[in-house]
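Here is my note for you, written as numbered points. Keep the viewer open while you read, and try each question before you go on.

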Amino acid sequence: MSSIRTIEGMLDAKGLKVALVASRFNDFIVDKLVGGAIDYLVRHGIDSNNLTLIKIPGAFEFPVIVKKLAASNKYNGIICLGAVIRGATPHFEFVASEATKGIAQTSMETGTPVGFGLLTTDTLEQAIERAGSKAGNKGVEAAAALLETIKVLEQL
Ligand code: INI
């Protein structure tokens, strides 16, 4: 096999500072995502003193909070953790799409990587499945993706 220069992230969170933003809406689901994300980062070497947890009302508020955090330059990365459940609201589409767009736009504009741990599901059962039961834990996935992205960005 030819040897190709390959850039990839080593999953070492030592020395990193990470902000976790968690919505209170559907908090019994979101708390599981927060627990999963923190557990992942601590097991990969982050100092828990370098973790900051910010609680916000709902997913719609992610963009403005993420923008302020990213502009502060205090964090190597940010993780958004929340749950928008279609059954729970007729304005599901608006909340989910504004949150998603705003988070992505801020990450692009500021260059601060964001782990996207926002569940958007049709039912409560689907949300439970993604919050630490049969479909894994989206908070863990968001933390893993953030760590890898930070480490790749450092090398580019
Ligand atoms: N916020 C959520 O995070 N998840 C939801 O499922 C949800 N529902 O169902 O409406 C939700 N709404 C609140 C919204 O994010 C704002 O906090 C609210 O509209 C005040 O701005």
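At what angle do α1 and α5 pack, and how many Å apart are their axes?

1. **Before we start.** This is a predicted model, where local features need pLDDT of at least 70 and side-chain atom pairs count only at pLDDT 80 or more, while totals for chains, interfaces and linings use all residues. Residues are numbered from 1 along each chain as its sequence is written, and side-chain values use heavy atoms, with hydrogens and water left out.

2. **α1 against α5.** Back to that question: the angle between α1 and α5 is about 40 degrees, and their axes lie 7 Å apart. Helix names come from DSSP runs numbered from the N terminus (helices are H or I with at least four residues, strands are E with at least two). Axes here are lines fitted to C-alpha atoms, for helices over the stretch in contact, and angles run from 0 to 180 degrees between N-to-C directions. That angle makes α1 oblique to α5; the cut-offs are under 35 degrees for roughly parallel, over 145 for roughly antiparallel, 65 to 115 for roughly perpendicular, and oblique for the rest. The α1 and α5 crossing is right-handed, the word for a near helix turned clockwise from the far one by less than a right angle, with anticlockwise giving left-handed. On the α1 side you'll find Leu33, Gly36, Ala37, Tyr40 and Leu41, and these meet Lys138, Gly139, Val140, Ala143, Ala144 and Leu147 in α5. Contact, by the way, means heavy atoms within 4.5 Å.

3. **α2 against α3.** Now look at helix α2 (residues 62–72) and helix α3 (residues 92–110), which pack at an angle of about 15 degrees with axes 8 Å apart. That makes α2 roughly parallel to α3. Their crossing is right-handed. Phe62, Pro63, Val66, Lys67 and Ala70 of α2 make the contact with Glu98, Ala99, Gly102, Ile103, Thr106 and Thr110 of α3.

4. **The cores.** Which residues have the most contacts inside the largest nonpolar core? They are Val18, Leu41, Ile46, Ile79 and Leu81, in a core of 26 residues. Two or more residues each come from β1 (18–23), α1, β3 (77–85) and α5 (138–153), and α1 gives the largest share, 7 residues. A nonpolar core is a set of buried Ala, Val, Leu, Ile, Met, Phe, Trp, Tyr and Cys residues joined through side-chain atoms within 4.5 Å. Buried means under 20% relative accessible area, exposed means over 50%, and partly exposed is in between (1.4 Å probe, protein chains only). In soluble globular proteins, nonpolar side chains tend to be buried together.

5. **Salt bridges.** How many salt bridges does a search of the whole structure find? The search gives 8, counting a side-chain nitrogen of Lys or Arg within 4 Å of a carboxyl oxygen of Asp or Glu. One of them joins Arg43 to Asp39, with the closest N and O atoms 2.9 Å apart. Arg43 and Asp39 are 4 residues apart in helix α1 (residues 27–43), so about one helical turn separates them. Arg43 is exposed at 55%, while Asp39 is partly exposed at 38%. Glu129 pairs with Arg130 at 3.8 Å; Glu129 is buried at 17% and Arg130 is partly exposed at 33%. Lys151 meets Glu154 at 3.5 Å, N to O, and Lys151 is buried at 15%. Arg86, Glu93 and Asp122 are linked in a network of salt bridges.

6. Is each one buried or exposed? Asn26, in the loop between β1 and α1, is buried at 15%. Asn73, in the loop between α2 and β3, is exposed at 67%.
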